[in-house]
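Please read each point alongside the sequence and coordinates shown below.

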Amino acid sequence: MGELTPAEKREERFKRWLSPDVKFSSPQAEKAYKERVTRFIKVIQLKEPDRVPCLLPAGLFPLYYSGITLQTAMYDYDKLCQAWRKFLRDFEMDTSFGPGMVPPGRVLEAIGYKLYKWPGHGLSSDVTTYQCVEAEYMKADEYDALIKDPSNFWLRIYMPRVFGAFEPFRNLPPFTTIEEIVIMSFLPYGMPDVQAAFQALLEAGRESMKWMAAVAEVSREALEAGFPPIMGGFAKAPFDTLGDTLRGTQAIMMDMYRQPDKLHEAMSRIAALTLDSAVATANASNVPLIMMPLHKGADGFMSIKQFETFYWPTLKKVVMGLIDEGIVPVLFAEGIYNSRLEIIKELPRAAVVWYFDQTDMARAKKVLGDIACIAGNVPTSLLMTGTPQEVKEHCRRLIEVCGKGGGYILAGGASIDEGNPDNLRAMMEAAKEYGVY
């Protein structure tokens with residue numbers, strides 16, 4: 001698609017999304033699939049579809065709904081898939097989402113993963129979610145190592161800190177070492193602890209294949225039944241990549257003052273890597289949407305000046321790179337983005353989706369409505385504690401405010417992992433009852 005414009009590339013990707021290489025379970029399923037995908041394509045293009053589309057914010061809810069724990073689902077793939085099938089069967093939706101967000105516990109154990117706690121490993125067995133363990137996994141004086149050779153940094157510095165099984169990788173020579181006689185470079189691979197680390201890597205790979213086979217089967221069944229996948233992959237803002245899993249929140253905030261030039265250089269390096277990875281996943285999935293959860297750019301986290309200086313430039317670089325490839329970034333603005341609206345409108349028309357958590361939706365519609373499709377923001381608190389009628393009424397108000405002229409997707413502010421299943425059904429009912437154009 002090299003000779004096409006970004007808009008033409010996007011149209012080609014939409015066509016592929018609309019006509020997947022799959023044998024539908026029935027003519028009715030194929031018809032429903034095309035109607036659902038068309039609904040999203042039109043709303044992204046800021047046109048009026050047949051009705052407002054709806055994204056159910058289910059998260060890990062299928063596990064709760066089926067009565068199994070997250071711990072069980074992480075280790076028993078049959079029960080994981082049974083839970084997802086039950087949810088897909090019992091709920092009417094505009095999209096499908098697979099069980100891929102439930103990580104395989106045995107893989108995490110095999111690699112000695114330190115970045116998360118999960119039920120039975122740092123958390124009580126009955127906990128319904130997993131938790132990120134933020135720390136300074138990249139030290140303040142290691143920016144140059146990351147910038148100079150990201151692969152070497154990842155293999156020999158970052159991985160030994162985050163994956164307990166890979167601590168022996170510290171002893172490996174850089175793959176970028178240039179020598180005429182390379183025999184000495186292979187000696188570390190004969191060390192028992194290094195060989196054990198590679199054995200753990202192989203074990204994790206074998207288990208990952210089992211998990212992926214189960215996840216892919218459920219996702220394929222949903223597609224065959226006429227429910228389109230909505231996300232072709234994930235990407236992050238470069239600032240978040242550094243702040244979430246490398247430097248940590250406290251350290252990156254200090255870097256903004258102590259070594260801003262290194263921070264900018266590292267984010268620029270990460271932006272290019274992020275773009276390459278996101279394009280590859282979109283190409284592999286044939287779904288033209290990439291979800292980008294934005295963690296640290298919200299109001300109250302940093303000032304507008306800091307947002308414009310540190311957060312937005314490299315995020316915009318990734319977003320524009322995706323747009324140039326015909327991919328639609330779905331920017332999940334976690335928290336509140338009220339003071340960011342005038343800044344984030346600096347993007348091509350009908351090229352992105354802004355998915356809001358707690359932002360003022362009336363103002364978002366006013367500022368962005370002619371530029372970008374917006375989604376959100378049925379409050380998580382309402383979905384967790386409200387009645388179906390309260391949920392439905394809130395959705396009605398959102399549709400009336402944001403749905404005018406198209407360009408709006410009814411969605412939750414964030415996903416829920418438990419609660420009243422009728423509240424999710426109320427969202428879908430509201431879209432069908434109040435969202436018809």
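In which helix is the place of Glu393? Glu393 sits in helix H17, which covers residues 388–402; helices are DSSP runs of H or I with at least four residues, strands are runs of E with at least two, and both are numbered from the N terminus.

1. Basis of the model. This is a predicted model, in which local features need pLDDT of at least 70 and side-chain atom pairs count only at pLDDT 80 or more, while totals for chains, interfaces and linings use all residues. Residues are numbered from 1 along each chain as its sequence is written, and side-chain values use heavy atoms, with hydrogens and water left out.

2. Overall fold. The protein chain contains 18 helices and nine strands. Its radius of gyration is 23 Å, close to the 22 Å that the globule rule gives for 437 residues, so the chain is as compact as a globular protein of that length. The radius is taken over C-alpha atoms, and the globule rule is 2.2 Å times the number of residues to the power 0.38. Along the principal axes, the C-alpha atoms of the protein chain fill a box of roughly 70 × 50 × 45 Å.

3. Of the 437 residues in the protein chain, 51% are buried. Here buried means under 20% relative accessible area, exposed means over 50%, and partly exposed lies in between, with a 1.4 Å probe and protein chains only. Contact means heavy atoms within 4.5 Å. Among contacts between residues at least 6 apart in sequence, 71% join residues at least 24 apart.

4. Surface and charge. The accessible surface of the protein chain comes to about 19400 Å², and 55% of this belongs to carbon and sulfur atoms. Accessible areas come from the Shrake-Rupley method with a 1.4 Å probe; for residues, only the protein chains shown count as cover. The chain carries 49 positive and 55 negative charges, whose mean positions are 2 Å apart. Lys and Arg count as positive and Asp and Glu as negative, whereas His and the chain ends are not counted. Each charge is placed at NZ of Lys, CZ of Arg, CG of Asp or CD of Glu.

5. Cysteines. The structure holds zero disulfides, a disulfide being a pair of cysteine sulfur atoms within 2.5 Å. For Cys373, the nearest cysteine sulfur is that of Cys402, 10 Å away.

6. Glu393 is partly exposed, with a relative accessible area of 25%. Asn423 belongs to helix H18, residues 421–434, and is buried at 0% relative accessible area. Beyond its neighbours within four places in sequence, Asn423 is in contact with residues that include Leu382, Gly386, Pro388 and Val391.

7. Helix H15. Arg363 is found in helix H15, residues 361–368. Is Arg363 buried or partly exposed? Arg363 counts as partly exposed, at 33% relative accessibility. Neighbours within four places in sequence aside, Arg363 is in contact with Asn338, Ser339 and Leu341. From Arg363 to Ala411 the C-alpha distance is 17 Å, across 48 residues of sequence.

8. The loop between S8 and H16. The peptide bond from Gly376 to Asn377 is cis, with omega near -25°. Asn377 lies in the loop between strand S8 (373–375) and helix H16 (380–385). Pro379 lies in the loop between S8 and H16 and is partly exposed, with a relative accessible area of 26%.

9. Positive phi values. Asn286, a residue other than glycine, has a positive phi near 60°. Asn286 lies in the loop between helix H12 (260–285) and strand S5 (289–294) and counts as partly exposed, at 38% relative accessibility. For Ala350, also a residue other than glycine, phi is positive and near 55°. Ala350 is in the loop between helix H14 (341–344) and strand S7 (353–356), and is buried with a relative accessible area of 10%.
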